[in-house]
Amino acid sequence: QDSTEFEIELAKLKHLKNQPDFGVKYESIYYTQALNHYASWLIKRGESLPLGYKHIEKALLLLDEVIYLVEEKGYSGLISNIKFNKCKALTSSNKLKEASFILEQILKNLSAKSSLKPYFLAQKALIKAKQNKKEQALTHFYEAISLVHQSTDTLKEDFSNFKSNTSFGTTKLLLRVAQELNKNYAEDKAVSRLVFQLYHKALIQFENSIIDTKFSPKYDEVLRQIIGGLLQLKSKSSELNYKIDELIETTE
């Protein structure tokens, strides 16, 4: 619920890192990953709190430390993931030019087949949305969803023929794109129709991704966000055709 426990563990890790027998080649991955995960938590908390900028600033300090250790001191670390977190923190702080520069460098060095590309493109779209570049934002969101579309048929621009897979990560990607579009273009009826499709496809994707999986609080949270999004949009527009009893049945 707060950063106290993180800070206690971080102090222990820093102590271990400063020991003469600390192994930069093999042990350092645990240190860099720990700081990266803590930064992720800070970013998520920072985005949900009124004075969250302090969390974001702390995250940026941690990430700069990790980037320095990996690039300058030979520590092991997944540098694209670390820099992506920095990009998210900068985006949250509205430092969009710097965030965009980092993201372009990540995409430039990324394998064409990387499973992370859809998430990076969704972040690129979010930056464009924050810069009030609507058409570019919609294009990059479409590109992100296209990469997880499990069909040889081209994804339609309204996402209506999206074919799901069994990845919970894809569920969260669809949900995030829907939320960001809704946040930035809530009054745009055409975009609202796209958002409704995304929430609907996210629900189908969710069902497929939890087959043979023990239900847990993290799944419950995502399901509630998807249902909440569908109900909110339906309450705003009678054009969006989705039966409430069907939604209740799916939820149960």
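Guide: One term to start with: the radius of gyration is taken over C-alpha atoms, and the globule rule is 2.2 Å times the number of residues to the power 0.38. Also, this is a predicted model.

Visitor: OK, what does that rule give for the chain's 252 residues?
Guide: A compact globule of 252 residues would have a radius of gyration near 18 Å. The chain has 20 Å, which agrees. Its C-alpha trace spans about 65 × 40 × 35 Å along the principal axes.

Visitor: How many helices and strands?
Guide: Eleven helices and zero strands.

Visitor: How much of the chain is buried?
Guide: 40% of the 252 residues count as buried. The chain exposes about 14,500 Å², and carbon and sulfur atoms supply 52% of that.

Visitor: Switching to charges. How many positive and negative?
Guide: There are 36 positive and 31 negative charges. Their mean positions are 4 Å apart.

Visitor: Now Q123. Which helix is it in?
Guide: Q123 is in helix 6, residues 117–130.

Visitor: Is Q123 buried or exposed?
Guide: Buried. The cut-off is under 20% relative accessible area, and Q123 has 1%, so it counts as buried.

Visitor: What does the Q123 side chain make a polar contact with?
Guide: The side chain of R176, at 2.4 Å. Leaving out residues up to four places away in sequence, Q123 touches F84, C87, K88, T91, L103 and R176.

Visitor: Where is S100?
Guide: In helix 5, residues 96–108. S100 is buried, with a relative accessible area of 18%.

Visitor: How far is S100 from N18?
Guide: 34 Å in space, C-alpha to C-alpha. In sequence, S100 and N18 are 82 residues apart.

Visitor: Backbone next. What is phi at N94?
Guide: Near 60 degrees, a positive value in a residue other than glycine. Most residues other than glycine have a negative phi. N94 lies in the loop between helix 4 (79–92) and helix 5.

Visitor: What about phi of F159?
Guide: Phi of F159 is near 65 degrees, again positive in a non-glycine residue. F159 is in the loop between helix 7 (134–148) and helix 8 (168–184).

Visitor: Are those two residues, N94 and F159, buried or exposed?
Guide: N94 is exposed, with a relative accessible area of 52%. F159 is buried, with 3%.

How values were computed. Residues are numbered from 1 along each chain as its sequence is written. This is a predicted model: local features need pLDDT of at least 70, side-chain atom pairs count only at pLDDT 80 or more; totals for chains, interfaces and linings use all residues. Side-chain values use heavy atoms; hydrogens and water are left out. Helices (H or I, at least four residues) and strands (E, at least two) are DSSP runs, numbered from the N terminus. Buried means under 20% relative accessible area, exposed over 50%, partly exposed in between (1.4 Å probe, protein chains only). Accessible areas come from the Shrake-Rupley method with a 1.4 Å probe; for residues, only the protein chains shown count as cover. Lys and Arg count as positive and Asp and Glu as negative; His and the chain ends are not counted. The place of a charge is taken as NZ of Lys, CZ of Arg, CG of Asp or CD of Glu. A polar contact is a pair of N or O atoms within 3.5 Å; within protein, one must be able to donate a hydrogen and the other to accept it, and residues adjacent in sequence count only if both atoms are side-chain atoms. Contact means heavy atoms within 4.5 Å.
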